[in-house]
Amino acid sequence: MLKKTYTYTSGKVDVYFDAAFGQLNKVVDKKNAILITDEHVFKAHHAKFKNWNVITLKPGEAYKIQPTADAIVEQLIAFQADRSTVLVG
């Protein structure tokens, strides 16, 4: 797993590359993370998402629209996400 840190004027962001799903619990705490995926990936790997907070989106370019972004924000609010919440896509 390759970790790269990007530094901005107001903080840092860690990005991980070439990691397997099984390594995710080494990087983030399940209680403080929300996974964002599409229906195809969720169906294909349903067992891996067990015990994680998950937002599942409809797949395809047709759904990359503002109402989808609005739905994500609503679900983040429902999960009580805050600044310490880690989003994984």
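**Notes on a predicted model**

1. Start at Thr 85. A polar atom of the Thr 85 side chain lies 2.9 Å from the backbone nitrogen of Asp 82. Keep in mind that this is a predicted model. Thr 85 sits in the loop between helix H3 (66–78) and strand E5 (86–88).

2. Which residues does Thr 85 touch, leaving aside its neighbours within four places in sequence? They are Asn 32 and Ile 34. Look for them in the structure when you have found the loop between H3 and E5.

3. Now the overall plan. The protein has 3 helices and 5 strands. From the N terminus on, the order is β-β-α-β-α-β-α-β.

4. Take the opening pair next. Strand E1 covers residues 2–8, and strand E2 covers residues 11–17. The two pair in the antiparallel sense, over 7 bridges. A hairpin of 2 residues joins E1 to E2. Tyr 8 stands opposite Gly 11, which belongs to E2.

5. Two residues deserve a check of their backbone angles. Most residues other than glycine have a negative phi. Asp 18 has a positive phi of about 55 degrees, and it is not a glycine. Asn 51 is also not a glycine, and its phi is a positive value near 70 degrees.

6. Where do these two residues lie? Asp 18 is in the loop between E2 and helix H1 (24–27). Asn 51 is in the loop between helix H2 (39–44) and strand E4 (53–57).

7. Is Asp 18 buried or exposed? Asp 18 counts as exposed because its relative accessibility is 75%, and the cut-off for exposed is over 50%. Asn 51 has 60% relative accessibility, so Asn 51 counts as exposed too.

8. Next, the whole protein. Its C-alpha trace spans about 30 × 30 × 25 Å along the principal axes. Of its 89 residues, 17% count as buried. The accessible surface comes to about 7,000 Å². Carbon and sulfur atoms account for 54% of that surface.

9. Take the contacts between residues at least 6 apart in sequence: 30% of them join residues at least 24 apart. The protein has 12 positive and 9 negative charges.

Note on methods. Residues are numbered from 1 along each chain as its sequence is written. This is a predicted model: local features need pLDDT of at least 70, side-chain atom pairs count only at pLDDT 80 or more; totals for chains, interfaces and linings use all residues. Side-chain values use heavy atoms; hydrogens and water are left out. Two strands pair if DSSP finds at least two bridges between them. Helices (H or I, at least four residues) and strands (E, at least two) are DSSP runs, numbered from the N terminus. Buried means under 20% relative accessible area, exposed over 50%, partly exposed in between (1.4 Å probe, protein chains only). Contact means heavy atoms within 4.5 Å. Accessible areas come from the Shrake-Rupley method with a 1.4 Å probe; for residues, only the protein chains shown count as cover. Lys and Arg count as positive and Asp and Glu as negative; His and the chain ends are not counted. The place of a charge is taken as NZ of Lys, CZ of Arg, CG of Asp or CD of Glu. A polar contact is a pair of N or O atoms within 3.5 Å; within protein, one must be able to donate a hydrogen and the other to accept it, and residues adjacent in sequence count only if both atoms are side-chain atoms.
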